[in-house]
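Here are my notes for you on charged pairs and nonpolar cores. Have the sequence and the 3D view open while you read.

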Amino acid sequence: MNRRRTNCRGASPTSKISHQPPRLLIVHIAEPSWADICPNLCEALQNFFSIACSLMGPSRMSLFSLYTVQSQHECILPFVQVRGNFVRLQACISELRMLQVEGCYRPHRTLLPLAVEDGLQQFKQFSRYMTTGAAQPCNSLEITVLTSQPGKEVIRQLEEGLKDINLLSVRRLQVVEVTKDPQEQTDSPTPTAESNNDESATLETDLVLQILDNDVVTMEVFFKAWLHNSETDREHIHLLLASQSLPPSSRTGDNPTVCLKCDLQERFLSPSLLPGTADGTLRIDDPKGDLSTLYQMASLSSESPYKLQVIKALKSSGICESLTYGLPFILRPTSCWKLDWDELETNQQHFHALCHCLLRRDWLLLARGEPQVPRHHQNVAASSFYVITPSQSLTLLVKLVATRELMLPGFFPLLSEGPPEDSLKIMESALDSLELGPTYNPLHVGSHLYSHLSSTHAKPQGRLYSSWESRGLRKAGQSQSNRVRATMVPLPMAPASGTAPKMSAASKAPSGTFLPSDSEEEYPSQT
C-alpha cells in the first residue's frame with residue numbers, strides 16, 4: 001500500500017481531526033444484477049445523506065459527485081457541498097433509481113477509466129473555481145467505483161486505462177464489488193478493504209478492493225465510514241504507562257514510560273448533533289460546546305497528540321456503570337504515515353500485548369487526561385479522568401468517569417433477602433413473556449430517524465435549482481428537468497463495436513460553468 005503524504009494544511013485543530021476528502025462515487029451499471037442492486041443502493045444513499053446533510057458541528061464531508069457508467073459514462077451530479085444540499089442529492093438518487101427502468105447495457109471496458117479521469121478533471125476545475133483567498137482545506141480526492149462485476153477484473157481495467165494518467169491528486173481509488181449472493185464471496189477477498197499491492201504498483205495512488213453484500217444495512221455501514229476521521233498526518237492520542245523494566249527503544253526519552261501511539265474513532269454519532277432527536281436538547285457531548293469529551297480534547301491539542309497517563313489498574317467489576325458519562329470512543333494503533341514501518345509494527349505489537357494482558361488479568365485502566373491550558377493563561381486547568389476497557393478486537397474502549405467534584409449524594413437501600421411471594425410471581429410472569437435475546441444489535445433496531453430527517457429537508461416540489469442556476473440554464477436555451485449534469489466537456493468516449501459514440505448532456509453544457517449548491521443561497525454556512 002502506498003503511504004503518501006496528502007496536502008491538508010491550514011485547517012483549524014477542530015476541523016483537522018474530523019476533515020474528510022471530497023468524494024466521487026462511480027456506479028458501474030451492468031446487467032442483469034442492476035435490477036437487484038439499484039433499490040438497495042438508492043435506499044442506502046438516501047438514508048446516509050439524510051444523516052450527512054443534517055450533522056451539526058465541524059463538517060465531516062465536504063464535496064460529493066456521482067457518475068454512472070452504462071453504454072457511456074455520465075455525470076448525473078457535479079461536485080456539490082453536502083451540508084444543506086439534501087434536496088439536490090435526493091433528486092440525484094431519484095434519477096439513479098430511474099435507470100432501473102431505462103434499460104442497462106454491457107459497459108465498454110474503457111469507460112470506467114474515462115469516468116475516473118473525467119471526474120478527476122471536474123474536481124481539479126471545481127477546486128480552482130472555488131479557491132478564493134484561502135487555500136482549500138484538502139486538495140486530494142477519494143474515488144469509489146461500485147460494481148457488480150468481478151472486482152479483480154475491474155481493477156485490471158482501471159490499471160490498464162489509468163497507467164499513463166497523473167493520479168497524484170487521488171488519495172485513494174477503491175473498487176467495491178457488490179455480490180448478489182453472499183455465497184459468491186467464498187473465493188473472494190474478505191469484506192474488509194485490502195490493498196492491491198502487486199497489481200497497483202504502476203499507479204500513483206492506493207488501490208483497494210472491498211466486497212459488500214447486496215443489502216441496505218451493509219451499504220449504509222459502508223457509506224457511513226465516510227464520516228470517520230481518516231487523516232493520518234499524526235497520531236491522535238499518546239497512552240502513557242509507567243514501567244520499571246523497559247528496553248531503551250520503548251522508553252519515552254529518559255523516563256521509564258512506554259508510550260502507545262493511538263488513533264481515535266467514534267463508536268456512534270452523538271444525537272445532539274442531529275436536529276429534532278430525543279436527546280438533541282441535552283447537549284452533553286456537543287463538540288461545539290462541552291469540551292470534556294476525549295474527541296474534542298484531542299482536537300484542541302494541535303501542537304502535540306493529546307496524552308492519557310495511566311495512573312491505576314482496576315478489576316473489571318470494580319467500577320459502577322453509573323459513574324461513566326458522555327460518548328465512548330475507540331482507541332486503536334495509529335496508522336500515521338510519518339512513523340517508519342518498524343515503529344508502526346512495534347507500536348501495534350505493544351498495543352496488542354496490552355489488550356491481551358488486560359483481558360487475561362480481567363483489568364481495566366484508570367487514566368488522567370492532560371489538562372488543556374491556553375497560552376498565557378494563569379488559571380489552573382481541571383483534569384479529566386477516563387476508564388479504559390479492553391476488547392477481543394485490537395481496540396480499547398475509553399469513557400469519561402466522574403470525579404469527586406461532580407458527585408452528588410446518593411443513598412440507596414440494599415435489596416432485601418426476598419420480596420413478597422405474590423409480587424415475585426407477578427414479575428416472574430411478566431419477564432417470562434419477554435423474548436430473550438443473546439445480544440443487542442443496534443443494526444436491528446430502527447428509530448425512524450432517517451424518515452424524520454428526510455422530512456425536515458422537504459421542500460415544495462418542482463424547485464430543485466437555485467435562481468442563479470435556473471438563469472444559467474435558460475440562458476443556454478435548455479429546459480429544466482430533474483437531471484443535473486456535469487458542466488465541462490467530458491473526455492471522448494470509446495464507441496462500442498459497430499456503434500457511434502453517444503454524447504451525454506454533459507458535452508452540451510457550456511465549459512467552465514459551475515452550479516452553486518442550494519446551501520449557498522438558502523442555507524447559512526455552518527462551520
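1. Start with Glu142: its relative accessibility is 5%, so Glu142 counts as buried (buried is under 20% relative accessible area, exposed is over 50%, and partly exposed is in between, using a 1.4 Å probe and protein chains only). Before going on, keep in mind that this is a predicted model, where local features need pLDDT of at least 70, side-chain atom pairs count only at pLDDT 80 or more, and totals for chains, interfaces and linings use all residues. Residues are numbered from 1 along each chain as its sequence is written, and side-chain values use heavy atoms, with hydrogens and water left out.

2. Who does Glu142 pair with? Its side chain meets that of Arg172 in a salt bridge, 3.1 Å from N to O (a salt bridge is a side-chain nitrogen of Lys or Arg within 4 Å of a carboxyl oxygen of Asp or Glu). Arg172 lies in strand β5 (residues 170–179) and Glu142 in strand β4 (residues 141–147), so the pair ties together parts 30 residues apart in sequence. Helices (H or I, at least four residues) and strands (E, at least two) are DSSP runs, numbered from the N terminus. Arg172, at 23% relative accessibility, is partly exposed.

3. Now look at Lys261 and Glu343, a salt bridge whose closest N and O atoms are 2.5 Å apart. Lys261 sits in strand β10 and Glu343 in helix α8 (residues 341–361), so this pair links parts that are 82 residues apart in sequence. Salt bridges with shared partners also join Arg23, Glu142 and Arg172 into one network.

4. Arg60 and Glu266 make another salt bridge, with 2.7 Å between the closest N and O atoms. Arg60 is in the loop between α2 (34–52) and β2 (63–69), while Glu266 is in strand β10 (residues 255–266), so the pair ties together parts 206 residues apart in sequence. Buried or exposed? Both Arg60 and Glu266 are buried. The salt bridge count comes to seven.

5. On to the greasy bits: the largest nonpolar core has 42 residues (a nonpolar core is a set of buried Ala, Val, Leu, Ile, Met, Phe, Trp, Tyr and Cys residues joined through side-chain atoms within 4.5 Å). Helix α2 gives the largest share of this core, eleven residues. Leu41 is among the residues with the most contacts inside the core. Leaving out residues up to four places away in sequence, Leu41 touches Val27, Trp34, Leu96, Leu146, Met219 and Phe223 (contact means heavy atoms within 4.5 Å).
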